[in-house]
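The sequence and the structure come before the details.

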Amino acid sequence: MTEATIYGLAGLAVFGLGLMGVLGAADRLRRLVALNLCAGGAAMVLVASSWRPPPAAPDPVPHALVITGIVVMVSATAVALALIRRLYSLETDTDA
Amino acid sequence: MTVLLAFDLLLAASIVGLAAATLLMRDAFAMIVAFIVFGMLMALGWARLVAPDVALAEVAIGAGLSGALLLRTLAHLRGGSLSAQGGASVSAPANGATQGVNALLAGLATCALGLAYLGAPQNVPGLEAHVADAMPESGVTHPVTAVLLNFRAYDTLMEVVVLLAAVIVVWQVERGLAETPAPALGTVYQGFARVALPVAVIAGGYLLWIGAEAPGGAFQAGAVLGAVAVLGLLSRHVRPAPAHRPLARGAFVVGTAVFALVALGVAGAGRVAFEYPPAQAKTLILLIEAMVTISIAATLAALFHGRAPVAVSREETDR
Amino acid sequence: MPEFAPDPMTLAILLPLFGAIAAFLAPRAAPLIGLGAVGAMAAAIAAVGHAVAQAGTVTVPLGGWGAPLGIELRADGLALAMLGLTALIALAVGLGALSAFAGEAPADGQPMPRQRAFFWPLCLLLLTGMNGVYLSADLFNLYVMLEVISLAAVGLAVLGGTVAALRAGLAYMYASLLGALMVLLGVGFVYLQTGRLDFAGLAGAQGSPALSAAFALMLVGLALKAALFPLHFWLPEAHANATAPASALLSALVVKAGLYILLRLAEAGPFPGEAILTLLGVLGTGAVLWGGVQALRAERLKLLVAWSTVAQIGLIFVALARAGTEGLSDSWRAAALLILAHAVAKAGMFLAAGRIKDVIGHDRISELDRSAVRPALAQLAFALAAISLIGLPPSLGFIGKWSLMEGAMGAGNWHWIAVTMAGTLLSVAYFSRALTGFLRFDRVRAPLDEHRGWALADAPPVVLAGLAVGLGLAAGPILAVLDLGRPFGVTP
């Protein structure tokens, strides 16, 4: 059992948990956090795929992909949060 | 070796456990904190997988900035405080049956994916040999930077475009939104911020510079500088005003614009877009990185701040 | 290597990007900048067309590295047709947006009305993403492009700023994000198996559990993005609650990105076998029926149009499945024709529906015949677009449906013909709900002078809807363009 297997499987488990969260959660914020878990899991699988047995250096390409993915995900999170804030303001204004 | 194996197993289990805890926490604040800790542990795992660049980016952006964004939104939903009293509560999932079925489906799918993962061949050669061959012509000595800024520069340009799109959408969505009780730091933290800000600025510049040959680079540097700006916003050292808007717009687009212009500008004389002349590769990459760092820092701070700067008096007339 | 410097493919992607930056920096000049950027983009696409007509398939190894290390842009007939379609729709929607957002002129010193200030940067970023998808030959790059598209599309969907639009926009964002993350994990599995990210690496790969997992993930993710039944739940509200120009872009172009990538995956193969293709056809059938029934029940015109998108997307999947895996080398043409037909007609129809709503002040179907004013040209455009979507000759929709049924007959798959027929009948039924409302204005004895006259805003929907009908006569040239560079590797 190599590091790649351990962390790769953990990444898949995290992705699966995130999937459950997205499908099962009712709350907007929680669903967004669950989506972030999915992203983390997918990134972990990619990083695990880059690992090589020690003397060899890891494959840098997945590392670059994951960095790109992290930046993309924070952008999407920020947009979703802006929508959540705006919706909350509008909903509380009309309900009150 | 066995100690390390045990450590890896423990760390992987903790990562999965924290992911589960994140979803199970009833209180939204606890959920976000669990998510941030999850990100930190994941970064530790990536460091174990010899991916220091990714670990840095995850700590700074994935866990750090996402966490800050989530907490800021939670404060908004709870009317300025992070405690659970008052404002919106994060309700637990209601429909047990649907949730059960969904969870079952997701679990089955995950098991299938796990089996497929175990069935995948181990250590298929990736692109590392190609990268190693092309490194001498890349203009930098750090492979991840070479991939990001040279071999797959087009992806990176589009990633900066995603950031630009995000800030445009956030400004659009929050246009005319009433002033929210933005969280502020207490006096102790204000003092801390005064000390920390210059240190962090220097750290960001160092990360940018070192990225050419060691882990670090534009994204990590941008994230650190973005965090600086966030601290500045929180400690009220920086108060966005309408006069800052043109400057902010310029900072958001400068990375994308310079990157795209360089990409097109190097084309011609037998070269295609993004094909830097080898002699100028290092200079051009540093120029792009510096501009992208500015854009990333400004954009991340703006994403945290939310809406475009509006004068308070204007605000009142708007409503 | 192309003699152009820089090459037109890169320009087709980057020109709208420069336009977006300029429009963001100078909001007041945004419409001018936007139309200029779309025009420049169309010129670049014409140059791509010239190159494709000469050489069949053209590729640009960005950075000079070439696959698998670098990213390659690749254009063939299918990509060219989609690029041309995008330019056409962007131009028409852009012109329509000029007057749609012209309503309240901003007083000096006041912030620009939100919709106008932000429409153009978002629209141009969307075009960057769309063109990037058509030209990409790299799986991870496609993921990034999908994210560019989804952020811009969400921004466009919530432009109106109403609670309904924001709610629908957030649901759309979540669906879109989940779809993209599934694609990302799928890309991870591909890399695990093949160690490459380009389509060529996929084509040469042996089947394996990891590759099956990759395809399953990408298939579900893209089906979510393309709103294939039952993953369509986010679409009707998001498209119906957006402002008309945004709805036109979302419905005509954005959902096509997922479909296009699915076509490309099927081309690169190894596409999962007969069973998966049949499943796609069955889900498409579900979409045709469910979308049709919901369109019959819709109370608002724009919601009806949005549900008809669900049904039409389903039909495109039926077209792909019509003749099994062996027939895929021909079925893609039927799917591509339906994609083009739906895009042109639906953009025209959404713009027309927006005009009707603007002129008579609401879009409740039951009260369409009680309006004193008569947006005659918009109604004409709506009817023409309906002709193409129903599939009456000589429209482009007819050619697409004919191609679908011809292939299904050839393969003896009569059940797909039955589905197409059922979908056609349903579309006649739901569109006639709106059309009868248009025709029965006699209920209101309003003086004719309340007619508001023609407006520039009527031109884009009429032109688009006219093209949706008229392009059926140009089916031969369109098919010739699609076959340039021989997508799916088969001689026509």
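## Polar and charged contacts

Between chain A and chain B there are 3 salt bridges; the model is a predicted one. In a salt bridge of this kind, the side chain of A:Arg52 meets that of B:Glu128, with an N to O distance of 2.6 Å. Polar contacts across the interface of chain A and chain B amount to 15 residue pairs, both residues being at pLDDT 80 or more.

## The side of chain A that touches chain B

Three helices of chain A, H1 (3-24), H2 (28-50) and H3 (60-95), each supply at least two residues of the side that touches chain B. H3(A) gives the most to this side, with 23 residues. By residue class, the side of chain A that touches chain B has 45 nonpolar, 13 polar and 7 charged residues.

## Extent of the interface

Chain A brings 65 residues to the contact and chain B brings 87 residues. About 6700 Å² is buried between chain A and chain B, and carbon and sulfur atoms give 76% of that area. Of the area that chain A buries against chain B, 13% is supplied by A:Tyr7, A:Arg30 and A:Arg85, more than by any other three residues.

## Cysteines

The count of disulfides over all chains is 0. B:Cys111 has a relative accessible area of 53% and is therefore exposed, the cut-off being over 50%. C:Cys123 counts as buried because its relative accessibility is 1%, where buried means under 20%.

Terms used. Residues are numbered from 1 along each chain as its sequence is written. Chains are lettered from A and ligands numbered from 1 in the order in which they are written. This is a predicted model: local features need pLDDT of at least 70, side-chain atom pairs count only at pLDDT 80 or more; totals for chains, interfaces and linings use all residues. Side-chain values use heavy atoms; hydrogens and water are left out. A disulfide is a pair of cysteine sulfur atoms within 2.5 Å. Buried means under 20% relative accessible area, exposed over 50%, partly exposed in between (1.4 Å probe, protein chains only). Contact means heavy atoms within 4.5 Å. Buried area is the accessible area (1.4 Å probe) that two parts lose on being put together, summed over both. A salt bridge is a side-chain nitrogen of Lys or Arg within 4 Å of a carboxyl oxygen of Asp or Glu. A polar contact is a pair of N or O atoms within 3.5 Å; within protein, one must be able to donate a hydrogen and the other to accept it, and residues adjacent in sequence count only if both atoms are side-chain atoms. Helices (H or I, at least four residues) and strands (E, at least two) are DSSP runs, numbered from the N terminus. Ala, Val, Leu, Ile, Met, Phe, Trp, Tyr, Cys and Pro count as nonpolar, Asp, Glu, Lys and Arg as charged, and the others, Gly among them, as polar.
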